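Student: I would like to go through this model residue by residue, with the criteria spelled out as they come up. Could we begin inside one of the helices and work outwards?

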Amino acid sequence: MEKIFILWALVRRDYALQYAGSFLGISWMFLQNLVLISMYSVVFLVLNLKTPNTQDDFTAYLLTGLLFWIPLQEFLVRGTGILTDNRSLLKRSSLGIDLFIWIPFVQYVIHLSVTSLPVYILLFYYGKISVMGAFGGWLCLVFVGFYLLLLLHYLSRLNVLLKDISPLIRLVSQVLFWGIPVLYYPKGFLYHINALNPLTIPLDIFRTIVLVGYEPQFDWYGIFPFIFSFFLVYLLAKRKFHSIVLDHL
């Protein structure tokens with residue numbers, strides 16, 4: 001229980017440092033998410049007007065894809081740099097590395113919860129989601145956060161050793177974004193590309209839980225090789241990198 005209070009204090013401290021001097025504070029981040037969702041929605045829904053009979057279906061498909069991706073991308077980028085950004089505090093305290101890696105996860109859950117509200121309201125309006133589907137989808141995305149957290153244990157430590165890999169992670173995040181069917185349906189050659197992306201099946205599971213009448217597009221057992229690989233990377237970070245990272249902080 002004491003560690004939970006400490007973790008929450010660290011989360012609040014991290015927010016204060018990120019948005020120090022900002023006029024809107026943390027509200028700017030949520031506003032940015034809503035603007036991104038609105039921009040993508042307007043552009044792709046307008047392009048989809050040539051097939052109006054699928055308009056409602058594509059609206060729900062697009063909104064769930066953006067809700068899945070935007071908080072997760074923030075989590076990936078923020079989680080990679082969390083140890084480097086808190087280098088001085090890590091040196092002065094005995095809290096341990098792992099506690100700091102949980103900071104971006106808590107922030108991810110907060111961002112996800114706030115961003116999901118307008119998306120869920122629209123999905124309710126279109127009749128594409130139930131109350132149980134909304135809760136199940138939120139819970140699914142929390143577990144996706146745990147899934148990505150396995151990888152971030154490695155990336156956050158690697159970021160310390162290599163000084164700063166955040167530009168590379170931002171580039172990789174864009175590749176991941178276009179490699180999952182957020183803005184398009186997985187068909188033809190793209191389908192096979194999507195199957196190689198570790199985030200495709202979590203997105204497919206999320207849509208299946210949330211959207212009424214949605215049929216899975218992928219075989220879900222394909223996620224197990226990714227989980228196994230992420231877990232091995234997690235073990236490598238914990239056992240091989242731990243003492244080395246402490247020396248480089």
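Tutor: Asparagine 159 lies in helix H6, where helices (H or I, at least four residues) and strands (E, at least two) are DSSP runs numbered from the N terminus. This is a predicted model, in which local features need pLDDT of at least 70, side-chain atom pairs count only at pLDDT 80 or more, and totals for chains, interfaces and linings use all residues. Residues are numbered from 1 along each chain as its sequence is written, and side-chain values use heavy atoms, with hydrogens and water left out.

Student: Is asparagine 159 buried or exposed?

Tutor: The classes rest on relative accessible area with a 1.4 Å probe and protein chains only: buried means under 20%, exposed over 50%, and partly exposed in between. Because its relative accessibility is 1%, asparagine 159 counts as buried.

Student: Which backbone oxygen does the side chain of asparagine 159 reach?

Tutor: A polar contact is a pair of N or O atoms within 3.5 Å; within protein, one must be able to donate a hydrogen and the other to accept it, and residues adjacent in sequence count only if both atoms are side-chain atoms. With contact meaning heavy atoms within 4.5 Å, and leaving aside neighbours within four places in sequence, asparagine 159 is in contact with Thr80, Gly81, Thr84, Asp164, Ile165 and Ser166. At 3.4 Å, its side chain reaches the backbone oxygen of threonine 80.

Student: From which residue's backbone oxygen does a polar side-chain atom of threonine 80 lie 2.8 Å?

Tutor: Threonine 80 belongs to helix H3 and is buried, with a relative accessible area of 1%. Leaving aside neighbours within four places in sequence, its contacts are Leu152, Leu155, Ser156, Asn159, Ile165 and Ile169. The 2.8 Å separation is from the backbone oxygen of leucine 76.

Student: What distance separates the C-alpha atoms of leucine 62 and serine 41?

Tutor: Leucine 62 is also placed in helix H3, which covers residues 55-85, and at 0% relative accessibility leucine 62 counts as buried. Leucine 62 and serine 41 are 21 residues apart along the chain, and their C-alpha atoms are separated by 7.0 Å.

Student: What is the phi of lysine 163?

Tutor: Lysine 163 sits in the loop between H6 and helix H7 (166-178), and it is exposed, with a relative accessible area of 57%. Most residues other than glycine have a negative phi. Lysine 163, a residue other than glycine, has instead a positive phi, near 75°.

Student: Which element of the chain has the highest mean pLDDT?

Tutor: The pLDDT is the predictor's confidence in each residue, from 0 to 100; the chain's mean is 84, and 86% of its residues reach 70 or more. Helix H2 (residues 27-47) has the lowest mean among the elements, 72, whereas the highest, 96, belongs to helix H9 (residues 200-210).

Student: Why is H9 described as largely enclosed by the rest of the structure?

Tutor: The buried residues of H9 are Thr200, Ile201, Pro202, Leu203, Asp204, Phe206, Arg207 and Val210. H9 is largely enclosed because the buried residues number eight of its eleven.

Student: Which residues does proline 181 touch, not counting those up to four places away in sequence?

Tutor: Proline 181 is found in the loop between H7 and helix H8 (188-195), and it is buried, with a relative accessible area of 3%. With that exclusion, proline 181 touches Tyr61, Pro186, Asn194, Thr200, Leu203, Arg207 and Phe218.

Student: How many helices does the chain have?

Tutor: Buried residues make up 49% of the 249 residues in the chain. Among contacts between residues at least 6 apart in sequence, 74% join residues at least 24 apart. The chain has zero strands, and its helices number ten.
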